[in-house]
Each structure stands twice: as C-alpha cells, then as structure tokens.
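Here are my notes on the model you sent. They are set out as numbered points, to be read beside the structure.

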Amino acid sequence: MMNIDMIHNPVLRRVAEKALSGTPVDEKDAIAMLTTSDIVELGHIADFVRRRENGTKAYYGVNMNLNYTNVCELRCPLCAYSRDEGEEGAFTLSLDEIEKRVRGAVEFGIDEVHIVGGLNPSLSLDYFLEMLRLIKRIKPDLFIVAFTATEYEYFARRSGMELSELFRAMIDAGLGALPGGGAEIFDPGVRGRIAPRKISGKRWLEVMREAHRAGLKTNATMLYNHIEEPSHIADHLSRIRELQNETGGFKTFVPLPFHAENTALAVEKQATGFDHVRIYASARIFLHNIPHIKGLWMYLGEKLAQVMLHFGVDDIGATYHYEKVVHAAGATTDDVGSEERLRRIIENAGMAPVRATAAY
Ligand code: SF4
C-alpha cells in the first residue's frame with residue numbers, strides 16, 4: 001500500500017494521488033518525474049504501481065539471442081552493430097549455422113529464441129520463414145520472439161506483401177511475439193539525428209498496430225541516454241500509451257540506455273544513477289496500462305537492474321546466449337547470464353523469481 005504521507009514533494013504528491021485513484025498522469029507530470037531529485041518518493045509511487053500489477057513477482061527468461069546478420073542498409077549513427085556487405089566483421093548466418101546454434105542452446109535448456117538482425121538485401125522472405133520453421137522443428141514448444149517493426153516494414157516492402165499478410169505467414173511459420181526494437185525516440189528532430197534512415201516513429205506505431213491486429217503481443221522500447229530531453233521521453237511514453245489504449249497489444253515496455261562506444265554518435269552527457277532510476281520509475285507510473293517494465297541486466301548491469309526491482313521494474317531480462325548487439329556498443333556485462341545468478345539477484349532483492357517467456 002502507498003503511504004501518501006511520505007510524499008512531501010507537491011508535484012509528486014499529485015502524481016501519487018493520481019496513481020492511487022487510477023487516473024493517468026499527463027506529460028507535464030512525466031517531465032516533473034523525469035527531472036526530480038526526490039527519487040525515494042518517486043520510487044515509492046513506482047513501487048506501488050509495480051506491486052499492484054505484479055505483486056512481488058520478478059520475471060526472468062532462459063533464452064538465446066539469434067542475431068542472424070549484421071549487414072544493414074541503414075547504418076544508423078546510433079548503431080555499433082551493423083556493417084556493410086563485404087566489410088571486415090560483416091556476417092550472415094546460413095540456415096545450417098542457425099540450426100546448429102539453436103540445437104546447442106536447446107541442450108542448455110532454453111525456452112525462447114529472440115531474433116533480430118540488420119536490413120540485409122541479400123536475404124529473401126523464404127530465409128526468414130524457413131528460419132522460424134526450422135526452430136519449431138528442433139523443439140516445437142520453443143517460443144519465438146522475432147524481428148523488429150523496422151525489419152517487418154522492410155520485409156513487406158521488398159516482398160510486396162501487406163503487413164497483415166506478412167504477419168499471417170510469420171505466425172503460420174512459428175512466430176510467437178515481437179520484440180520492441182526500433183522505437184528509439186519518436187520525436188522526428190531527435191530521430192533525424194540518431195537514426196535518419198530508419199522508419200519514422202509514426203510508421204513504427206503503425207507496424208505495431210498491425211501486429212496487434214494480427215493477434216501478436218509485442219514489446220515497446222525506448223532508447224535514452226543520448227541527445228533526448230525529458231520532453232521527448234514524455235512524448236514517447238505518451239504515444240505508446242495511446243496505442244495501448246487502442247489495441248492492448250503491448251506486454252512490456254523496455255527502456256534501453258544507449259551505449260555510445262563504436263557508434264557514430266558523440267554523447268557528452270552520460271546518464272547518472274539517478275537518471276536511470278527516474279526513467280524506469282516514471283515509465284512504470286506513466287504506462288499504467290502496460291503490464292510489465294523490463295530493466296535489462298545486460299544493459300544496466302546486474303547491480304542497477306536489481307535496485308530497479310524496487311523502482312518499477314518487474315522483469316530483468318534473460319540469459320541471452322550469443323547476444324551481439326549491445327556488446328558491439330561496448331557493454332561490459334557478460335554476454336550470458338546463468339539462471340542461478342538471475343534468481344539470486346531477484347531473491348536477494350526480496351522478490352519472487354518467476355521463469356517466463358514473452359508469452360507471460
Ligand atoms: S540500428 Fe538496426 S536498422 Fe539501424 S543500422 Fe543498426 S541494425 Fe540497421
């Protein structure tokens with residue numbers, strides 16, 4: 001239960017009253033939350049919303065990451081992962097190689113395969129459909145979370161298919177849900193600098209609307225810690241909440257701190273501990289209509305991810321065998337976590353670990 005008497009900051013008290021009565025907070029409230037130094041009070045409200053949604057449960061997964069190619073036409077300034085075809089370090093996995101990796105991870109005991117890659121013109125739709133089918137043949141109950149809105153838009157454009165038709169074909173081949181990548185920051189000014197050639201924020205939301213209409217649940221991400229201002233974050237949260245009101249298709253919101261190393265984006269200010277806490281706690285309070293907030297241990301580090309469990313986060317991410325994207329940008333965390341370790345992080349924070357897939 002929330003103790004409103006412990007909230008002394010007048011703006012946060014207004015936010016607390018709204019949270020208690022189930023009234024959505026507005027963008028002005030979001031900016032106040034994103035700039036406050038009273039993070040204990042902010043955390044108290046976020047923790048109230050978190051417990052109302054998920055009690056003391058904290059989710060984690062046992063999965064593998066499948067990054068099938070890093071060849072990408074877009075070469076976004078924010079990206080450390082992509083390469084041009086033929087450039088040193090460029091790779092594209094054959095279906096045989098994918099099969100080998102998935103079989104190896106299945107022996108380890110994974111429940112889920114998480115697939116994202118670059119926009120590689122040499123790959124046909126058949127490659128992607130066969131990728132999903134072969135994973136299902138290896139282990140029919142593996143849950144597949146595959147391809148970002150940016151990739152779907154590219155597949156649809158290149159194959160001449162409608163998005164609805166494309167999602168139907170993917171579902172038939174074994175697709176279970178969509179990750180939330182490619183959202184970055186919707187504001188066109190910021191987006192024009194960090195990912196000028198990527199689909200617009202408006203189009204990203206349209207692709208997600210179509211996925212939700214096809215019956216798929218999806219995540220939504222937000223990339224922060226670059227050139228964005230609190231108003232851009234408030235706008236981003238607002239547009240996601242609006243689409244969620246319409247479709248109900250978002251399961252999880254995932255803020256992703258930007259890692260600048262090896263990217264073409266110079267970032268002068270690095271997020272502080274308070275900045276990270278403000279983002280997760282504000283997102284938990286603002287997105288009252290989205291069940292889960294994920295704080296990926298791989299991006300935040302285990303210690304900060306654990307602390308976030310009391311600041312709105314109820315999911316710390318998964319074991320991520322073979323993760324490539326965040327490590328290309330200089331993340332110093334291990335590229336695989338053990339289940340035992342993830343459970344310990346959660347239990348040690350006084351929460352109850354629950355092993356889950358994106359179907360939770
Ligand atoms: S962020 Fe995605 S779309 Fe942009 S260059 Fe990297 S892989 Fe390609």
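Is the crossing of helix 4 and helix 5 right-handed or left-handed?

1. The crossing of helix 4 and helix 5 is right-handed; that is, the near helix is turned clockwise from the far one by less than a right angle, anticlockwise being left-handed. Helices here are DSSP runs of H or I with at least four residues, strands are runs of E with at least two, and both are numbered from the N terminus.

2. On the basis of the record: this is a predicted model, in which local features need pLDDT of at least 70 and side-chain atom pairs count only at pLDDT 80 or more, while totals for chains, interfaces and linings use all residues. Residues are numbered from 1 along each chain as its sequence is written.

3. Axes are lines fitted to C-alpha atoms, for helices over the stretch in contact, and angles run from 0 to 180 degrees between N-to-C directions.

4. On the helix 4 side, the contact residues are Leu95, Ile98, Glu99, Val102, Arg103 and Val106, and they meet Tyr127, Glu130, Met131, Leu134, Ile135 and Ile138 of helix 5. Contact requires C-beta atoms, placed from the backbone, within 7 Å. The contact holds 9 nonpolar and 3 charged residues, and no polar ones. Nonpolar covers Ala, Val, Leu, Ile, Met, Phe, Trp, Tyr, Cys and Pro; charged covers Asp, Glu, Lys and Arg; the others, Gly among them, are polar.

5. Helix 7 (residues 163-173) packs on helix 9 (residues 201-213) at about 50°, with 9 Å between the axes. These two are therefore oblique to each other, and their crossing is right-handed. Leu163, Ser164 and Phe167 of helix 7 make the contact with Val207, Glu210, Ala211 and Arg213 of helix 9. By class that gives 4 nonpolar, 1 polar and 2 charged residues.

6. An open sheet of 3 strands runs in the order 9-1-10 with parallel pairing (strands pair if DSSP finds at least two bridges between them). Strand 9 (315-318) and strand 10 (352-355) are the edges, each pairing on one side only. Strand 1 (residues 57-61) pairs with strand 9 over 2 bridges, and Gly61 stands opposite Ala318 in strand 9.

7. The shell around the ligand includes Cys72, Cys76, Cys79, Arg75 and Lys198 (C-beta, placed from the backbone, within 6 Å). It has 7 nonpolar, 3 polar and 2 charged residues.

Note on methods
Angles under 35 degrees count as roughly parallel, over 145 as roughly antiparallel, 65 to 115 as roughly perpendicular and the rest as oblique. Two residues are in contact if their C-beta atoms, placed from the backbone, lie within 7 Å.
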